[in-house]
Amino acid sequence: FSVHDEVPEWINKLTRLKELSLIGSVNMDSKTLELDFLKELRYLKILRLNSNLTKIPFNVLYVAPHLTGLSIFNNKNKLEMLHNLGGMFNLARLDLQNCELDTVPLGIFSLNNLQELNLQGNALTHVDELESFHRLPRLSSLNLSSNKITSLPDTFTSIG
C-alpha cells in the first residue's frame, strides 16, 4: 500500500480478522495513511505495519482498545506522533523498530499491561526515562539493541 486506493475494498469485510500485517511505502508527499477500513475490524488483536510512516494512522484508534500487539517497522524513517498510545490499554507487546526515536515515547509509560517492549534499531543515545519503566508492572522484556546508548543512569542496577 502506498495510497489508500491500493488497499483492497474487500478487506473491510473481514470483520472477524484477528491479525493484520501491512507492508509498503506510504505516499512520500504526505507520509500518512488513514486506513479507514480499520473501523470495521473490531476483533483485531495484532497489527503490524512495515512502512515509512511519520505517525500512527488515526484510524488505529478504532481498534486500539482491542489490540494486544502492535508492531511498527519504519525502515529508518522518523516516527514522531506517538501521543495516541494511551488508548491501547490491552497492549501486551509493542515493537517500534527502526523508527528513528531519539527518546522513549512518554505514552509508553501509560500501558499498564505491556509485557514486551522492543525499541531496537532506533536513535536512542541515553535512556533518562529508565526509572519510568517501574510504572510498567508487567514488563518482562525490554530490547534496546542496535541503538547508540552511551550510558545508563546509576539507578539501572536497582531495576528488577
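User: Which strands pair with strand 3, and over how many bridges does strand 3 pair with strand 4?

Analyst: This is a predicted model, in which local features need pLDDT of at least 70 and side-chain atom pairs count only at pLDDT 80 or more, while totals for chains, interfaces and linings use all residues. Residues are numbered from 1 along each chain as its sequence is written, and side-chain values use heavy atoms, with hydrogens and water left out. Strands (E, at least two residues) and helices (H or I, at least four) are DSSP runs numbered from the N terminus, and two strands pair if DSSP finds at least two bridges between them. Strand 2 (residues 46-50) runs parallel to strand 3 and is joined to it by five bridges, and strand 3 also pairs in the parallel sense with strand 4 (residues 93-97), over five bridges.

User: Is strand 3 largely enclosed or exposed?

Analyst: A residue is buried under 20% relative accessible area, exposed over 50% and partly exposed in between, with a 1.4 Å probe and protein chains only. In strand 3 (residues 69-73), four of the five residues are buried, so the rest of the structure leaves this strand largely enclosed.

User: What is the distance of the polar contact between the side chains of Asp95 and Ser71?

Analyst: Asp95 is buried, with a relative accessible area of 3%. A polar contact is a pair of N or O atoms within 3.5 Å; within protein, one must be able to donate a hydrogen and the other to accept it, and residues adjacent in sequence count only if both atoms are side-chain atoms. The side chain of Asp95 makes one with the side chain of Arg93 at 3.0 Å. The polar contact between the side chains of Asp95 and Ser71 is 2.9 Å.

User: Which residues touch the most other members of the largest nonpolar core?

Analyst: A nonpolar core is a set of buried Ala, Val, Leu, Ile, Met, Phe, Trp, Tyr and Cys residues joined through side-chain atoms within 4.5 Å. Of the 40 residues in the largest one, those touching the most other members are Leu20, Leu38, Leu94, Leu96, Ile108 and Leu119.

User: What is the relative accessible area of Ser51?

Analyst: Ser51 lies in the loop between strand 2 and helix 1, and its side chain makes a polar contact with that of Asn52 at 3.2 Å. Ser51 is buried, and its relative accessible area is 1%.
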